[in-house]
Amino acid sequence: MTSLPAPPYYCLYTEHFAQAANRATYYSNMREHYGALAPVEIVPGIMGWLAVSYEAAQQILLDQVNFKKNPTGWASRLPPDHPVLGMLGPRPNPLFTDGDEHARYRQVVSDAFAGVEPHHLRDTVRVVADHLIDRFAAEGECDLIGQYARPLPSYLFNRLFGQSDDDAPRLVASLAGLMEGVDAAAAATAEFERYMGDLLAAKTANPGPDMATAMIQHPEGLTPMELLHNFVLTVAAGQEPTTNLIGNGLFEYLIDDDLYTEVVNGTLDVQPLINRVLATRPPMANYSAHYARHPMHFHGHNLPADMPVLISYEAVGHDPAVLGTGAHMAWSQGPHACPAIGMAETIASIAISQLIHRIPDLQLGVPAAEIRNRPGPYHHALAAMPARFTPVRARTRSEKPWPSNPYTSTTADDRDAEPPPLPQNWQTWLPAECPVGHSRRPPV
C-alpha cells in the first residue's frame, strides 16, 4: 500500500513554518492540496501525516479500534537516541498507551491533579504572579515571555511537586530544548529525565503534601520507572502548554484594541480571550500522534500501519466547517483528552488577569510583526514579547495592603530598590500552610 504522495512535503520544523505570518493560510493550503490529511516532515527525515480537518481529527481521536497511541512499532525502526523520540517515543504513561494500561496510568495522573484544591491553586498562582511582576514592575519594560509566561508555570509546578524554586530554570531549559525537537532535543530529553529522576529520589526519601508524593503513594502502585515517565508527562504538560496559553493570550490581548478596551474597562473577563486562543492559536499546535493499527484507507489516503498521524489542533480551529463557531480541540477529545482542563484554564486566567490588574497600561514594546515564534513542529510558542508600561510600585500580598495608591509612578529611589525576596521554601505553603488558612488535604 502506498504511504505518502510524491514530495515535496510540508516541513513542520522549519523557521519558515514557525514564522508564517498566517498559519491559517498555511493549513488552508494543505487542505486544498491534500484534503483532510496532509503529508508532513515532522523533523528532518521523519515523515508522517497531519490531520487538518475537524472531522478527520475527531474520527482519529475517538477511534480506538483502528488507531492506537502506542508508538512502539514505529519507534523500533529508529535509533534509540533519535531526537524525535523525546516527544513521540514510547513511554509508560497515559499519553503513549492504550486500553487498560492507559486507564491505569491516567487514574494516577488524574487523581494527582484532583488533589490540588482549586482555592489553593488560585491563591498560589496569584502569589507566584505577584512575585514575578514585582521583579519588573518598577522598570517600565519587560519581556512578557521570559520574565512572566515562562517562569510562572515552572515555579508553580515546582511547588506543586514539592521542588525548590531554585530548580525552576533547569526545568525550563530542558523542556524548551525538548519541545523544539531538532538539534538539541536528545540532550534536553536526557537532562529533563535526570531532573525528574532527582525529583523521584527526593520525594521517595522525603514524602510531603505534594503531587509527586500523591503519585508515589497512589494505590495503583507504579514502579519507579513508571513514576518517572508519569512525572515527565505531568510536568511537561503543565509547563510548556501553560506558558504558551498565557503568552499567546497576552499577545492577542495586546494586538486587539477592542478586546484590550473591553478587558481593561471591566466589561469582558479574560475567559473569552482564552477561548479565542484555544481555537486559533492553541498552545500545542500539532501533536497527539496516533498510529493506524493496520493498513487502511482514510479520507482519500492510504495509511500504512505504524506511521505517525499528528492532530493539528491549530488547523482544525481554522477549518471552514467550524470556523466562527468557537469550536476547538485544544484539549483533545476522547480517552486521551486533557485531564486537567479546569486547572490549566484557571492558571492562565489568573496569570493574565493579575498582570492586567497590576499593570493596566501594558502595551507591546515593538511592532507586532516583529514578535517571533520559537521553532518546533509541535507548539505555537512566542520566543519573546517585549512590553512597556508606566513604572509602578505595586503592593503584593505579603506587604501591608493599601497604605497608599499602589499604582503611583515610581521615583528613582523606588526603581533602585530591590524587589521583595522570594520565599526560601514555597513548598511549605503547600497545602498544610496555605496562606489563606485552608485546611490540608492529605495525599491520596
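The model is predicted, so local features need pLDDT of at least 70, side-chain atom pairs count only at pLDDT 80 or more, and totals for chains, interfaces and linings use all residues. Residues are numbered from 1 along each chain as its sequence is written, and side-chain values use heavy atoms, with hydrogens and water left out.

**Aromatic pairs**

- The structure holds eleven aromatic pairs (rings of Phe, Tyr and Trp, the last by its six-membered ring, with centres within 6.5 Å; planes under 30 degrees apart are stacked, over 60 edge-to-face, the rest tilted).
- One of them joins Phe 67 and Phe 298 edge-to-face, at 5.4 Å centre to centre and 75 degrees between the planes.
- Phe 67 is in strand β4 (residues 67-68) and Phe 298 in strand β7, so this pair ties together parts 231 residues apart in sequence (strands are DSSP runs of E, at least two residues, numbered from the N terminus).
- Phe 67 is buried at 2% relative accessible area, and Phe 298 is buried at 9% (buried is under 20%, exposed over 50%, partly exposed in between; 1.4 Å probe, protein chains only).
- Tyr 253 and Tyr 260 are stacked, because their ring centres are 4.8 Å apart and their planes at 25 degrees.
- Tyr 253 is buried, with a relative accessible area of 0%.

**Cluster and charge**

- Tyr 10, Phe 17, Tyr 26, Tyr 27 and Tyr 34 are linked into a cluster by ring pairs.
- Over the ring of Phe 17 sits the charged end of Arg 23, 4.3 Å from the ring centre (NZ of Lys or CZ of Arg within 6 Å of the centre and within 35 degrees of the ring normal).

- Ser 288, in strand β6 (residues 286-292), has phi near 55 degrees and is buried at 10% relative accessibility.
- His 299, in the loop between β7 (296-298) and β8 (301-303), has phi near 50 degrees and is partly exposed at 30%.

Notes
Helices (H or I, at least four residues) and strands (E, at least two) are DSSP runs, numbered from the N terminus.
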